[in-house]
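The following paragraphs lead the reader through selected side-chain features of the structure shown here.

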Amino acid sequence: ATYHLYTFLISKMIGALGSHVYSFGISMYILSMTGSSLSFATNIILSYLPRTIMSPIAGLLGDRFPRKWLVLGGQTGVILTVSGLLLYTHEFGLSLMAIYIATVFNSIFSTFSGVAFSASIANLVDEARLQKAMSFNQLSYSISGIGGPIFGGMLFGFVSMEMFLIIFICAAVM
């Protein structure tokens, strides 16, 4: 049960942090590409609005279907979405509309994965470690909320957008 607790913490941290890093880093890229704070804010909204809308649906599906499949399906969707954006970028160059579409789908898929993963905490650990697992869950959200923009800004400043997307895909595969 302790193994599951720390595996959960690491997996949840990577997932939540990756989502925030992507959201902030790609938004910084939009700001530098367009110079428009409206475009920057639009991408941030397109990152959070689908989560808000889809969370109850993800919770409902998490109650009716195996959560493992929702977690794996959500992670697969995130990987395929960002991989599609990378391929599109390689072929046609990075466009604002492609980023917006990828951000919406990334947000939807990560919502399903995150909600299902959080809902399975009670199945992953025994009752004696449940409180600790719940606190680790909140810890992962707090750290990712603070660290995501930091790491996203650093990656934006130091690597190309293609490398940024490749790093995100590699982290999501883990």
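A patch is made of residues with over 30% relative accessible area and no salt bridge, where like charges are joined within 9 Å and nonpolar side chains (Val, Leu, Ile, Met, Phe, Trp, Tyr) within 5 Å. The model is predicted: local features need pLDDT of at least 70, side-chain atom pairs count only at pLDDT 80 or more, and totals for chains, interfaces and linings use all residues. Residues are numbered from 1 along each chain as its sequence is written, and side-chain values use heavy atoms, with hydrogens and water left out.

Ile146, Ile150, Phe151, Met154 and Phe158 make a nonpolar surface patch of about 570 Å². Phenylalanine 151 belongs to helix H6 (residues 130-158) and is partly exposed, at a relative accessible area of 40%; buried means under 20%, exposed over 50%, and partly exposed in between (1.4 Å probe, protein chains only).

Across the whole structure, 4 aromatic pairs are found. The ring centres of phenylalanine 24 and phenylalanine 40 lie 6.4 Å apart with planes at 85 degrees, so this pair is edge-to-face; ring centres must lie within 6.5 Å to pair, and planes over 60 degrees apart count as edge-to-face, under 30 as stacked and the rest as tilted. The pair links distant parts of the chain, 16 residues apart, with phenylalanine 24 in helix H1 (residues 2-34) and phenylalanine 40 in helix H2 (residues 37-64). Phenylalanine 24 is partly exposed, with a relative accessible area of 24%.

Serine 120 occupies the loop between helix H4 (96-119) and helix H5 (121-124). Serine 120 is buried, at 10% relative accessible area, and its side chain reaches the backbone oxygen of alanine 116 at 2.7 Å.

Conventions. Phe/Tyr/Trp six-rings, centres within 6.5 Å; stacked < 30°, edge-to-face > 60°. Helix = DSSP H or I, 4+ residues; strand = E, 2+ residues; numbered from the N terminus. Areas by Shrake-Rupley, 256 points an atom, 1.4 Å probe, with all protein chains shown as cover. Salt bridge = Lys/Arg side-chain N within 4 Å of Asp/Glu carboxyl O. Polar contact = N/O pair within 3.5 Å; in protein donor to acceptor, adjacent residues only side chain to side chain.
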